[in-house]
Amino acid sequence: MSQHPSSVRDYLTLHFLVLIWGFTAILGLLISIPSLEVVFFRTLIATILLVFIFGLKGYSFRVENKELAKIIGTGFIISLHWILFFWAARVSNASVCLAGMATTSLWTAFVEPIVNKKRIKSYEILLGLIVISGLYVVFSFEFDYWQGLAMAVASALLCAIFTVINGRLTKRHSPYTITLYEMMGACVFAGVFMLVYSGLFLEQSVQFPLPMDWLWLLILGGVCTVFAFTVSVELMRRLTAFAINLTYNLEPVYGIILAVIVFGGKERMTTGFYLGTLIILVSVLIYPLLALWDKRRMAKRTALES
């Protein structure tokens with residue numbers, strides 16, 4: 001598939017998606033069932049909706065076995081990412097969970113060059129370190145939430161990995177095909193993990209959603225997963241994984257604002273926490289300028305060498 005140049009519309013769409021994802025941690029807290037069950041039912045709903053869309057639009061389900069294994073395997077990574085994400089929100093709160101997710105850009109700065117065999121850009125590392133400094137400020141003021149923060153950082157690493165992988169998969173498959181089989185893989189992984197964990201550690205049966213939970217799960221599976229995930233995969237055809245993940249750093253900003261609106265005083269944090277998120281926001285605003293500077297610098301170098 002050919003690459004298409006990015007546009008202002010792509011970046012605005014990306015920010016809208018980040019706003020939607022900023023709401024997922026809140027939905028995770030509104031749903032009464034445990035994190036594993038949330039991920040299982042979320043991906044199950046998403047899979048059913050995507051199968052319906054495929055049938056309605058006449059899309060082909062056919063994918064080569066080798067490619068299918070790669071896509072489903074990526075779904076396993078996505079599933080574990082979401083499990084840690086919702087778990088982090090449960091053991092801390094939505095704000096701390098979202099702040100930890102902001103380390104995704106730093107992880108991507110290392111993962112993307114390794115996977116795509118490209119040079120590591122110094123300014124991406126620099127911006128990743130700025131994000132880490134913001135996270136350090138958050139951590140120093142909110143040490144009581146270290147467990148949730150650690151889970152969120154691990155979730156961010158997995159997010160970086162599957163985003164880079166999806167950036168490669170979009171060159172060979174449609175966003176709907178990728179999303180369908182990744183959601184299937186994520187559902188299978190969450191289901192097996194849920195049964196094993198419940199049996200070995202909790203010694204209790206799987207918990208099923210309450211009536212109100214189904215509403216939140218439908219929003220989570222339909223809007224936050226099928227719609228947002230498919231559109232994000234489409235954007236990966238035109239935007240770099242680092243540009244996408246750096247914009248994801250706005251997720252804590254959007255999410256924290258939404259969390260305060262929904263939960264009120266429970267989500268209000270210290271001044272240091274908000275200072276840390278401000279540092280993260282600065283890195284997002286600096287990135288386009290540095291990316292443009294680097295592009296022009298490389299173009300001049302190429303012109304001189306030719």
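K70 and E67 are both part of helix α4 (residues 65-91), where they stand three residues apart, about one turn of the helix. The model is a predicted one. In it, K70 makes a salt bridge with E67, with 3.5 Å between the closest N and O atoms. K70 is partly exposed, its relative accessible area being 39%. E67 has a relative accessibility of 11% and counts as buried, because the cut-off for buried is under 20%.

The structure has two salt bridges. Besides the one with K70, E67 takes part in a salt bridge with R172, where the closest N and O atoms are 2.9 Å apart. R172 is in the loop between α8 (146-169) and α9 (175-202), while E67 is in helix α4, so this pair ties together parts that are 105 residues apart in sequence. R172 is partly exposed, with a relative accessible area of 39%. Together, E67, K70 and R172 are linked in a network of salt bridges.

The table sets out the two bridges.

| Salt bridge | Closest N and O atoms |
|---|---|
| K70 with E67 | 3.5 Å |
| R172 with E67 | 2.9 Å |

F41 belongs to helix α3 (residues 35-57) and W214 to helix α10 (residues 211-235), so the contact ties together parts that are 173 residues apart in sequence. F41 is buried, at a relative accessible area of 5%, whereas W214 is partly exposed, at 36%. A second pair to describe is F85 with F86: the ring centres are 5.4 Å apart and the planes are at 75°, so this pair is edge-to-face, because planes over 60 degrees apart count as such. Both partners are buried: F85 has a relative accessible area of 3%, and F86 has a relative accessibility of 2%.

F41 and W214 also belong to a cluster, in which ring pairs link F40, F41, F208 and W214. A contact of another kind involves R42 and W82: the charged end of R42 sits over the ring of W82, 3.7 Å from the ring centre.

After α12 comes G264, with a positive phi near 70°.

On the record side, an unreviewed UniProt entry carries the annotation "domain: EamA", covering residues 16-139 and 148-286. In the model, the span of residues 16-139 is 83% helix and 0% strand, and the C-alpha atoms at its ends lie 28 Å apart.

Key: Residues are numbered from 1 along each chain as its sequence is written. This is a predicted model: local features need pLDDT of at least 70, side-chain atom pairs count only at pLDDT 80 or more; totals for chains, interfaces and linings use all residues. Side-chain values use heavy atoms; hydrogens and water are left out. A salt bridge is a side-chain nitrogen of Lys or Arg within 4 Å of a carboxyl oxygen of Asp or Glu. Helices (H or I, at least four residues) and strands (E, at least two) are DSSP runs, numbered from the N terminus. Buried means under 20% relative accessible area, exposed over 50%, partly exposed in between (1.4 Å probe, protein chains only). UniProt positions are given in the numbering used here, feature names are shortened, and annotations may be inferred rather than shown by experiment. Rings of Phe, Tyr and Trp (its six-membered ring) pair if their centres lie within 6.5 Å; planes under 30 degrees apart count as stacked, over 60 as edge-to-face and the rest as tilted. A charge sits over a ring if NZ of Lys or CZ of Arg is within 6 Å of the ring centre and within 35 degrees of the ring normal.
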